[in-house]
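Please keep the sequence and the model open while reading.

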Amino acid sequence: MTQTPHKRSLLPWPVLRQLADGDLLGRGRSVRSKRTDDVVPRTTSADRVAHSVCPYCAVGCAQKVFVKDEKVVQIEGNPESPVNRGRLCPKGSASKNLVTSELRQTTVRYRAPYATEWQDLELHTAMEMVADRVLKSRKDSWQDIDEHGRKVRRTMGIASLGGATLDNEENYLIKKLFTAMGAIQIENQARI
Amino acid sequence: MVPDAEFTSYYGRPIVKAAPWEHDIAYYLFTGGVAAGSSLLAAGADLTGRPGLRRVARLGSLGGLLSSIVFLVHDLGKPSRFLNMLRVAKLTSPMSVGTWILSIHGPFAALASMSELVGMLPARWQPAPVRLLLALGRPAGLAGALTAPPVAAYTAVLLADTATPAWHDAYEELPFVFCGSAAAASGGLGLIGAPLAESGPARAFAVGGALVELAAERRMERSMGISVETLHDGDAGRWMRMSLGLTAAGAVGAVVGRRSRVLSALSGAALMAGSFSTRMGVFEAGLASAKDPKYTVVPQRERLARGEPVRHEH
Amino acid sequence: MTGPHSLFGPLDPAPDAGYVDAPSRKGFFTDTSVCIGCKACEVACKEWNDVPENLYEMLGTSYDNSHSLNANQWRHVAFIEQPAGRSSVGLPPSIGDAAPSRDSVDLGMPTLGAAPTDVPDDAKPDFRWLMSSDVCKHCTHAACLDVCPTGSLFRSEFGTVVVQDDICNGCGYCVAACPYGVIDRRRGPEGDPKVGIAQKCTLCYDRLTDNQRPACAQACPTESIQYGDVDELRERASARVATLHEQGVMDARLYGNDPDDGVGGTGAMFLLLDEPEVYGLPPDPVVTTKDLPQMARRAGMAAAAMLAGAAVSFLRRTP
Amino acid sequence: MAEAHPVGFQWVMEAKKRGARIIHVDPRFTRTSAVAHQHVPIRVGSDIAFLGGIINHVLQNELDFREYVVSYTNAANIVSDKFQDVDDLDGLFSGFDAESRTYDPTSWQFAQEDDDEDLGRAQADDAGDTAEQRNTASGMQHEAHGMQVGAKPPRDETLQHPMCVFQVLKRHYARYTPEVVEQICGVSQEDFLAVCQAWTENSGRERTTALVYSVGWTQHSVGVQYIRAGAILQLLLGNMGRPGGGIMALRGHASIQGSTDIPTLYNILPGYLPMPNAEKHQTLTDWIDSVRNPGSKGFWANAGAYGINLLKAYWGDAATAENDYCFDYMPRITGDHGTYRTVLDMIDGKVKGYFLLGQNPAVGSAHGRAQRLGMANLDWLVVRDLFEIESATFWKDSPEVATGEIVPEECRTEVFLFPAASHVEKEGTFTQTQRMLQWREKAVEPPGDARSELWFFYHLGRMVRERLAGSTDERDRPLLDLAWDYPLHDEHGSEWGEPSAEDVLKEINGYEIATGRPLSGFGEMKDDGSTLGGCWIYAGVYADGVNQAARRKSRHDQSYVAPEWGWAWPMNRRLLYNRASADPEGRPWSERKAYVWWDEEAGEWTGKDVPDFEKKKAPSYRAPEGSDGVAAIEGIDPFIMQGDGKGALYAPQGLIDGPMPTHYEPVESPFRNLLHGQQGNPTRKEYRRADNPMNPDPREPGAAEVFPYVFTTSRLTEHHTAGAMSRYVEHLAELQPEMFVEVSPQLAEERGLEHMGWCHVVTARSAVEGRVMVTERLRPLRVEGRTVHQVWMPYHWGQGGLVSGDSTNDLFGISLDPNVLIQESKVGTCDVRPGRRPTGPALREYVEGYARRAGVLGDGGNAVVTASAEAQQESAAAQQGEQHSPQQQEDQ
């Protein structure tokens, strides 16, 4: 901080500083606490800034994500962006709240058939289970030809929905894998 | 009565905020007044040789002070930071000024009261330091008395120096109402506690205070503008009517019953209750006036309509 | 340094509060004629300042579910649905008459389309939906600051008024002092470290120390909230109101931009399209401490009278 | 726009400050209306009548930008004299087959030179079988594919020929007079003419007008035609391909454009290549030719390279010329496999497993009850989301649990809820609504077990491939031969690392296989297997080995076009078809509107943007006789993806419901179609079943009493779509904490609704409740001589989150636009009643009572083809031969 208009007096008691600092009414300079004098915005004290894009609508507002101690401490618009000029709507402005929300799921939850409650599942176990189910459903519902005898080599037993909130790279892998798998009922928000 | 004025608001929501204070503050207005008035009476009694009156006044002063501190601290959002009040001395803040006044008055008044308490102990329990305390009783009491009136008066500024319509609108007269009320209450206490033979000054102080209070309150009501409605309506109205009745009755009783210990004590109690009612009434009226945007908008709008907005004149 | 205008009148507040070589005064100009009521300011403020939830309650007051400025709401967007033909303010009539009429060609404000010819007249409201983002005014003469007994509220070098969370003891005096009803003591949620102390807009004091814009102004999509030097903002506000008047928007008016007004002008000024009280703002606010000298005089008189009264009580006769 | 895209709206406010006039047409007065110059309240679902009225105004008063229209649109093309318009056929175009409810568009085609029989056949082939086109949502392909038309159809540039497009169009819209607009839309003639005047006066050489729509426009049974109507108007006024003009779709998800370009959609592959169809695409050549449209102009001529590059990207070394680049590995579609068909199949027990990837259909999709009942009848469901959304908890707390239709103890669906990484916890690109890709850096690690979709699908693929290793089953070859070796960041341990999104982007961009050199554009794609690229339109995003999407040159340091911020497809062109910003000679139409122009000296196109045209092709270039593809694009053909290089005022192919937009009433409407006997879109996609009843036709007796009101829905600024990203976020949830229903004071009076009291809205599908918001922002309109009340609701709530409420989308049935299979979920008929809706099983009884009274219980609802019998016959007579297509799945 280069500014010095509030250069701290050495006097320990604000009442004395009121007299010494030309702030007889105790309004400003003399009544500041040390914490006030030392304040640094989180955007300045952040360890790093990641360039990002707002996850809500498709306007594509550029965001700056400030990180301190591996935690997101602030998300705000990037003023350099020709799209949003640093501005964000209420949703974009709530991005930090979104990603740091305590309501976020952080473990896999599993509901067994006919169960009335969730149970926890280890991530890799869950992945194994899903892989097993994908292969079984694919096998059980495989069609080499359709009812008119045309070659279709597909499964109608597996469907997927969603993608408009995801990255292009993710959509690319999703479509690639499902296509290779023979799953065709792959859809996303563009259809609604 | 001012007729109902037409005005616009944002969904009827208040503009200014009511002070976030509990009734503690109204109690404090009362106990602070009792403490201040008692301190004056105690010094007078001490100087004029009225030990009975002095004792009750000094105890009243101590009791008033201690309960004031309890009420004040209790009402803070962060009571643990009570001492931050002494961090600065702000002339623009009646609360800061009041704190400093209390900080000066309090030790003297407390010293005098301690001296009184100690004096009540048997002599053999009075070692040398205690005797020193006894000796300090009078000078401390005098210092306490000299600093007492500001304690009674500043609370009026404390309320008036806000955007709360009924309080701010009353700023000219409220100090007189409060000082009169303090005199009435402390005098009332003297009437209750002091022997008939010694209670003359307390009676005079009480009756004088009551008269000042009643007169100033009338004047205040005439000068306030429409926010005076809040002194007449609702809880505040009930308190103010009680205040009028009790104070007037107490004053009359104090005069009429000056030869009766019982009547005097009853009158004293009525005066104290009247003073308490005044404080409650003024307090409640302020809150009510803040909660209704009418009392903020209409006077300001009328000013503008008259072409007399508040502007700094060069 | 303290001076003749320290309690009332035009003033540059930072030097008055003891700052030497203070930076130019900073503030907001909120142009409600371009506000779209998106509430980005409310959210951006909460995100930056860790302001907790306010209330989860639909209020039925158009799209305003934030109620008011308070300890948990440092920006508040007002929504007013208004058939413009309906004069909003009784006084003075001359202002009410300036409400837009359908005859003006281009008001810059919408008219709800003319109804088909066979719909009765009363079904053709001439409608306005006003929105305005309210905030602490950062008054030149700030009552909250003046009455604060701990020095928690202070005038920053930028001329703004800021609460020091580490100092405030929650006396609540500032709450009653503010002529705009801005500052408030935080009541909840339970466990929040700032419950019990006074809270309000700081004009993002911390951001200002590193030349960053306040969070709300940074977020505002339509430049309804503009941040900058108060002197420059006052000029900009005047120019904007002149432009709107040229365009026939005769309702446009400035609020808080006059250094001679009851609070010495505000650091956060507004361009409004109706009377201030329509938005929940006081029409002619005055800093309460303007009357403080007189209050002190009156209190002094009362105290003196009390002292005298006590003396007189003892004078009459001795036992 | 101010409601749902406030930050985009800053540019509208900027324009307003500079003098632009803002007109907002919307059923309700919104935050956009509040700052617009003019708000035009309109009856929901009548937009084509409104736009048609403006088109009529332009044509009748000759207000079109004639030079632009003649040169750059197909106005001069001559339409086949077999074509009959809706006015002759009671609302049908010629060629209607009442049985399949589709058209044979042969009669819609442009006239042919007598000797061009090949073209005639090709056109008919491509045009034919619109039933199949409907089932494959081919409108979305044609969006980019262009048409099978002759490169040089007969033209009359005087625009006087009675069958030239201009005259056909003029006749088509002649009935859309201001009086008719007033009657259908409820818009006063005064308001309407003010819009006409503002739009036309602000268009031409010196000025341009922009048309902005939010994608609620697409959620109509004639949604595509809404946008077509806008396109026709903007072409007539010369507003396409020019700065400040155009049609701007405000899309609603961060990368919904990207997920269409690189689709997770059943009917297309990356770059809008069609998903192979079992009938039409037996071979690689069939598939490529169906895109290439041999004989047509334009860049689709190189579809072979695009397709083969995709196949190489999918199957790598295994894809060779000898095996047709593994084209046979592609599964084939055979009809409608859209999300609504799939959900109904779930109810019918045909689907085993379902993935939900950041989408919450229990709240966000039409007919929420069907969505939830479908999910309750799966073997397994994988939900990947940030929060515990309604689609993950349907088995325990959905409305159907309350009604007893889903009993947790009897519901067999196995549910996996995987925590997903947020946008700051993974790297990758979003494509925003103007086709611009922007790279996001990873800021922090995702919390706990949260992972990206990249991680999930990479490892799912890896595990599936590992399980199948050694399989000799032919069906497993596509998985085993899949190019699936992406480098991993190893923060999760070597086996479970996060794939590098940048490497995936490199594959999407494409590269030279031998050298690994990234392609600089799709022009470098080869059809000989020497290059690969996963999405041809994205080729160039990794040009020079640089992640172009990650460019962030400050806007202060470049022109307003900002070409060095991110990267836009195709080829970083920011404004599509920008050749049209110059006149036929290549000069800017005006200095004010200069954007891209021909630099005679340099012999190339230049300007503020990357020219959307071959850089060295002079305006004077004329195609040699017999040329096709890129060579056939002439110097005056700005619309380089169209088969004739011209903007389509008239679309002879590619649209299932007609070559020109015509007003049809919504599927559910209290009004009869004023213009024709044909009430609604006759070709709309319907799923007639007992669980999908539509409210009755207004002709039905009693219909008006049971469901007398019109309702519509949209977003609130404070919430996001189905609420998963806002109802769980405290700073947003508190801003709009409760579901509410906006009604006019008049309707409140009529139905006894109290402001802030409860009310409920009923359709044949469900009843939902909310708080009553009485507001003058909604007002009754006068339509066809009577008053219509419109009701508005936001659709963000469900039972989960910090704030909960009923889901508005439960009210809608499933009825789709035939071109793109998007549901009509912006308009329906309803009843509104004071008080809360019944709960528990009583809710179903209550709703069924309504359906019964309306006469739609059990049979699915109203009649679709209502044109007169004679008109149907006459229209059918224009059919050319019998189109054969196998029975579609929908008919099973």
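The points below are grouped by topic.

This is a predicted model, in which local features need pLDDT of at least 70, side-chain atom pairs count only at pLDDT 80 or more, and totals for chains, interfaces and linings use all residues. Residues are numbered from 1 along each chain as its sequence is written, while chains are lettered from A and ligands numbered from 1 in the order in which they are written.

**Domains of chain A**

- Chain A is assigned domain 1 (1–39), domain 2 (42–99) and domain 3 (108–191); such bounds come from an automatic or database domain assignment.
- Between the C-alpha centres of domain 2 and domain 3 of chain A the distance is 33 Å.

**Chains A and D**

- Chain D puts 130 residues into the contact and chain A puts in 102 residues; two residues are in contact if their C-beta atoms, placed from the backbone, lie within 7 Å.
- On the side of chain D that touches chain A, helix α19 (residues 453–468) of chain D gives the most, ten residues. Helices (H or I, at least four residues) and strands (E, at least two) are DSSP runs, numbered from the N terminus.
- That side of chain D has 66 nonpolar, 41 polar and 23 charged residues. Nonpolar means Ala, Val, Leu, Ile, Met, Phe, Trp, Tyr, Cys and Pro; charged means Asp, Glu, Lys and Arg; polar means the others, Gly among them.
- Strand β4 (residues 108–111) of chain A pairs antiparallel with strand β11 (residues 414–419) of chain D over three bridges; pairing requires that DSSP finds at least two bridges between two strands.
- A:Tyr110 has D:Phe416 in β11(D) as its bridge partner.

**Chains B and C**

- Here 75 residues of chain B are in contact with 69 residues of chain C.
- On the side of chain B that touches chain C, α5(B) gives the most, with eight residues.
- By class, this side of chain B has 42 nonpolar, 19 polar and 14 charged residues.

**A sheet in chain C**

- Four strands of chain C form an open sheet in the order β9-β1-β11-β10, with mixed pairing.
- Its edge strands, β9 (225–229) and β10 (253–255) of chain C, each pair on one side only.
- From one strand to the next, the twist averages 20°; angles run from 0 to 180 degrees between N-to-C directions, and axes are lines fitted to C-alpha atoms, for helices over the stretch in contact.
- Strand β1 (residues 26–31) of chain C and β9(C) run antiparallel, joined by five bridges, and C:Thr30 stands opposite C:Ile225 in β9(C).
- Helix α8 (residues 230–246) of chain C packs on the sheet and touches β1, β9, β10 and β11 (268–272) of chain C. The direction of this helix makes about 135° with that of β9(C).
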